[in-house]
Amino acid sequence: MAVHIPTPGGIPLFGTTVLRISRELTDKEVATLKSVCSLSDYLTESELKPIQDAPSLFRALRKNGTLSETNLGSLEWLLSNINRVDLIQKYLPKNSGSMEVSTKETKSDVSEMFPSTYSDIDISRDKDNIQTASFSNSSAPSADLLAETSPSTSLLTLRKYQKELAKPALDGKNTIICAPTGCGKTITAAEVCKHLHDKSADPDKFKALFIVHIRHLTTQQRDAFRTHFDEKELGVLKETETLQAILQVKKVVMITAQILVNALHKKEVDVSDFDLLILDECHHTTQEHPFNIIMRTYLMKKKEGASPLPIILGLSASLGVGKDHNASSHIITLCANMDVTVVSHVRENVEDLKKHVHTPEYDEICRVDPRPSVDKFRNIIKEIMQEQEHKHLLETDPQEKGSQAYESWIVQFRKNAEKLLNRDLNVICGYLLAFNNALILYENLRAIDAFDYLDEYFEERSSSDDHYIACENELRMQYQTCHQKTLMKLARNEETNDCPKLKKLVKLLKIVFEKNELSKGLILCRTRVITRGLMLFLNQEKILHELGIKPDCLVGQGKPDMKYTMTEVEQTKVLNRFKEGEINVLVATNIAEEGLNMPACNVVIRFNYVSNEIGTVQSRGRARECGKSYLIVERGSKNEEHEEANPEKVRRMNEALLNVDCQSEDEFRNAVIIRQNKLLDEYEKKMLKKKQNQQLDRASDVEVLCKECSTFLCLGSDLRQRGCHYTCIDPEFRNKIQEKERNGQGFRDTTNLGFIKCAEKGCGKKSIGILVLFKDGGIEEKGYGLNAKQIKFRNRKETSIGNIWDIKQWSKSTFEIPQWEQ
């Protein structure tokens with residue numbers, strides 16, 4: 001049956017119709033459609049191979065002449081083949097020869113679905129109906145964008161609760177929008193941005209920044225803003241560009257917070273240059289986070305009377321309760337830091353929010369017993385640790401081995417050893433940390449994972465075997481001759497059921513995937529090592545393979561010398577595979593907890609992973625597909641204790657939001673101003689103290705040393721700040737280090753080329769910094785970025801606060817480090 005759709009006003013409605021249909025198709029239905037297209041000779045196998053989603057399939061069919069606005073019979077036939085007659089009835093009514101659509105199409109909807117046909121159409125924007133979706137020609141729409149523009153709502157209109165969230169910011173007030181994950185905060189921010197743009201005195205000069213804390217999010221948020229802005233108006237700052245340059249050609253720029261901090265520090269831009277600053281995941285605007293550094297600059301400008309200043313818009317799923325657990329006070333502090341007077345959350349349209357966003361009210365806590373206390377594998381490792389403690393630490397640990405508390409205890413010993421230049425103790429502490437990590441792995445995973453971790457650590461240390469110190473040689477010999485084979489045998493003979501947490505995980509996944517084979521699951525873990533080990537286990541467990549579970553892992557970028565890191569390119573590939581259904585269980589660190597666009601999951605499992613109340617709310621928000629959220633936790637553990645406290649913190653946070661509602665706007669504003677003045681006074685005193693501290697030592701008197709082996713690297717006077725890095729300008733420095741360029745993908749997408757380590761023979765320090773590709777004024781130059789945590793300082797004249805000291809960050813330096821000059 002051919003259905004002719006007229007084109008009112010010369011604007012074709014076919015593109016929007018197909019776009020709507022594509023949003024309602026599952027991965028399995030798309031796969032079936034591809035098979036039908038192949039059997040019907042609509043598309044060849046080579047044409048079908050690169051197609052991953054419904055939009056790309058329909059584009060290919062359109063290009064092939066199979067689909068058009070004057071002949072939709074083949075579309076009806078295709079939908080019938082996948083038993084989606086409901087879509088035919090919904091979008092292709094047979095009782096009329098035309099399709100009445102009350103909203104206008106936008107150019108991005110049609111031209112991006114079928115770019116070759118409608119690229120020259122000029123379509124005006126309806127300011128009252130502004131929620132649309134657009135897709136690049138090579139990728140499927142993001143899950144969050146689909147949630148924000150689901151077919152259950154008018155295609156071009158914000159939902160009722162989104163309008164409520166946006167109202168204060170639309171009125172020009174600095175606002176925090178606090179709303180659940182997946183409710184469309186980004187699309188709401190895009191509406192605010194477009195409204196301010198249209199209302200500005202000179203829209204051509206309008207400038208806004210969308211600021212994120214993870215670089216991976218910049219492209220994602222730019223794509224979401226295509227609902228309101230033309231592609232040519234949006235930009236993502238590339239490493240080869242300066243912020244000044246991109247602002248000359250773009251109106252809205254997506255940027256990481258640290259890049260903006262650097263640009264402000266170098267005076268490339270000023271906060272008063274912008275009309276709007278949007279802070280994504282704004283609950284991070286505390287302490288020394290880059291968000292807060294940006295806002296301090298803003299507040300100091302405000303105190304100086306600078307005008308005009310940009311409107312501030314913060315986005316967050318959960319504001320938290322703060323370190324002192326006083327939620328009301330914490331909200332006031334956060335608002336003071338951000339110069340915000342309104343916290344916008346859904347009050348009136350709660351039912352509309354519930355209709356569109358499913359979030360489990362609570363996590364089902366699955367308590368499991370720990371491994372048996374009488375355990376040969378664990379006891380062997382503990383005995384080795386205790387023997388080394390008696391030999392070198394001269395005391396036994398007060399904490400349980402295999403715990404974070406023990407880790408903190410041994411780290412303090414290691415710091416003292418570094419200050420005292422005690423190389424033997426420093427090295428032994430490194431081994432004790434490795435044994436402790438192995439015990440933590442053993443509690444969470446298989447014995448073989450713990451054994452492999454230890455084996456890798458010993459292997460890494462063996463790279464310069466001829467130069468090991470005596471105590472290390474003795475430990476290595478004892479481990480290899482007395483314990484290694486026994487541990488290996490125990491690990492290889494272990495069954496899955498021997499680890500209670502893994503047993504429970506298998507049971508949960510089995511229930512979920514037996515009930516629905518199209519399930520998508522997210523498993524959150526505390527560390528990269530556990531994430532990788534768990535992914536390997538899921539791949540190797542036969543029963544899970546039979547259920548069709550296809551896992552992969554997602555971890556952060558990390559430092560170049562760290563194990564189990566992923567580049568941005570690798571992260572993107574994994575996320576795309578998860579969205580497209582190539583993998584259906586994603587095992588991830590807390591990188592997946594907030595911000596990243598991910599498909600809606602019907603099961604989220606926190607695998608012995610407990611963060612704060614913010615993480616609890618955000619991870620729960622990932623289970624949006626009418627799913628459930630679980631926590632697997634050890635009975636009687638600290639994690640269980642912390643998790644039981646989190647619901648009370650969430651309750652306090654929600655109660656604090658209601659308390660804000662009870663105050664008049666003037667009352668709340670006054671409370672924020674009082675707190676803001678206090679914070680600014682504290683900040684100014686802190687900056688004065690910092691300046692005084694930087695005068696404690698003369699840079700030319702300070703020696704920069706390798707933290708592990710105390711090798712002299714350079715003088716403090718040889719250090720320079722170059723962008724966000726601290727580098728050494730002494731030509732001899734390159735002879736003191738070894739460069740280790742990293743392998744793998746993503747090389748071209750980053751200035752981080754690898755890492756540098758101390759060149760001293762026998763030094764076990766993996767890294768003292770990174771190998772950087774500096775890009776200044778269009779010139780690329782390889783250089784170094786020293787890690788403050790991996791070096792220590794010594795004053796040759798002993799006139800400083802101590803003869804030997806270390807710092808956690810460069811801002812704590814006791815001497816002034818000037819800017820690098822070309």
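## An aspartate without a salt bridge

A salt bridge is a side-chain nitrogen of Lys or Arg within 4 Å of a carboxyl oxygen of Asp or Glu. In this predicted model, D718 is buried yet has no such partner. The nearest side chain of opposite charge, R720, is 6.2 Å away from D718, and the cut-off is 4 Å, so the pair does not count as a salt bridge.

D718 lies in the loop that links β15 (712–715) to β16 (719–722). Leaving aside residues up to four places away in sequence, D718 touches T727, C728, I729 and D730.

## Cysteines

Searching the whole structure gives 0 disulfides. For C335, the nearest cysteine sulfur belongs to C282 and is 8.5 Å away. C335 is buried, with a relative accessible area of 0%.

C763 is likewise in no disulfide. C763 is buried, with a relative accessible area of 5%.

## Confidence

The average pLDDT of the chain is 80, and 81% of the residues score at least 70. Where pLDDT is low, the predicted coordinates should not be read in detail.

Notes. Residues numbered from 1 in each chain as written. Heavy atoms only, no water. pLDDT = per-residue confidence, 0-100. Disulfide = S-S within 2.5 Å. Buried < 20%, exposed > 50% of the residue type's maximum accessible area, 1.4 Å probe, protein only. Helix = DSSP H or I, 4+ residues; strand = E, 2+ residues; numbered from the N terminus. Lys, Arg positive; Asp, Glu negative; His and termini not counted. Contact = heavy atoms within 4.5 Å.
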